[in-house]
Amino acid sequence: MQSWHDRFDKRGYHHGNLKEALTQAARRFIAERGLGGFTLADAAKLAGVSPTAVYRHFRGREDLVAEVAGRGFDHLAERLARALRGPGTPIERFTRMGEAYLAFAEEEPGFYMAMFAPPPDARGPWGPPSGPAEEPAGAFNILVNALMMTFPDGLDGADPRFIALEVWALSHGIATLAAARQLPEGPGIPNKHELLRAGVLALVHRSPAAR
């Protein structure tokens, strides 16, 4: 049986898309070995090029991982937006966004691990804003807008960006625990989707004093 190394499609490079081939190689290595489990030479070998060819597109290994992370956030945003556009009530659509998030984390470990790797400058260009003066972008912006659509009467005076960060932190924590097989299982114990749904409802309905 062929390994995924043998099955790797190098046609992207032969058609002139070396950057895409290297990005997909890194994504696959991260999924199989973790963030520290590959080198630029490994990615180059899988893409079928010399190690020096990598530097045509990436300054170094961190730059390549950052490219994988950026692609991951783009794909996550697409999934969240698709869930939000689906049928049903606002709360049903918002719940499906949570399900989409957990599914993405499970199905795309290469993207997901790269997305939450510490970037070289301690802040990636794709994540939540660092201050109130900045406009949120991408997946985070979709989450903020979804909260305002789902709860048009407001969130007891709380800034929806603050609640969105809490929801994201909860989602990330559950996804990470699930990936590590650290979530308890058994009769009467909620699964990860039920846990996320209950946690989100607790966050958005708690009293202002608790904030």
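User: In this predicted model, which residues of α8 do Pro 90, Ile 91, Phe 94 and Met 97 in α6 meet?
Analyst: The α6 side of this contact is made of Pro 90, Ile 91, Phe 94 and Met 97. Across from them, the α8 side consists of Ile 142, Leu 143, Ala 146, Leu 147, Met 149 and Thr 150.

User: How many nonpolar, polar and charged residues does the contact of α6 with α8 have?
Analyst: Thr 150 is among the α8 residues in the contact, and Thr counts as polar. By class, the contact has no charged residues, one polar residue and nine nonpolar ones.

User: Is α6 roughly parallel or antiparallel to α8?
Analyst: Helix α6 covers residues 90-107 and helix α8 residues 138-150, and their axes lie 9 Å apart. The packing angle is about 155°. Angles over 145 degrees count as roughly antiparallel, so α6 is, relative to α8, roughly antiparallel.

User: Is the crossing of α6 and α8 left-handed or right-handed?
Analyst: The two helices pack at an angle of about 155°. The handedness of their crossing is left-handed.

User: Which helix supplies the largest share of the lining of the largest pocket?
Analyst: The largest pocket has a volume of about 550 Å³. At least two lining residues come from each of α6, α7 (109-115), α9 (160-179) and α10 (192-205). The largest share is five residues, and these come from α9.

User: Of the 22 residues that line the largest pocket, which are the closest to its centre?
Analyst: By class, the lining has 14 nonpolar, four polar and four charged residues. Closest to the centre are Ala 175, Leu 177, Ala 178, Ala 179 and Lys 192.

Terms used
Residues numbered from 1 in each chain as written. Predicted model: local features only at pLDDT ≥ 70, side-chain atom pairs only at ≥ 80, totals over all residues. Heavy atoms only, no water. Axes fitted to C-alpha atoms, helices over the stretch in contact; angles between N-to-C directions. Helix = DSSP H or I, 4+ residues; strand = E, 2+ residues; numbered from the N terminus. Parallel < 35°, antiparallel > 145°, perpendicular 65-115°, else oblique. Left-handed = near helix turned anticlockwise from the far one by under 90°. Contact = heavy atoms within 4.5 Å. 1 Å grid on protein atoms, 1.4 Å probe; cavity = no way out; pocket = protein on both sides within 12 Å on 5 of 7 lines; lining within 4 Å. Points joined across faces, edges and corners; volume = space filled by probe spheres on them.
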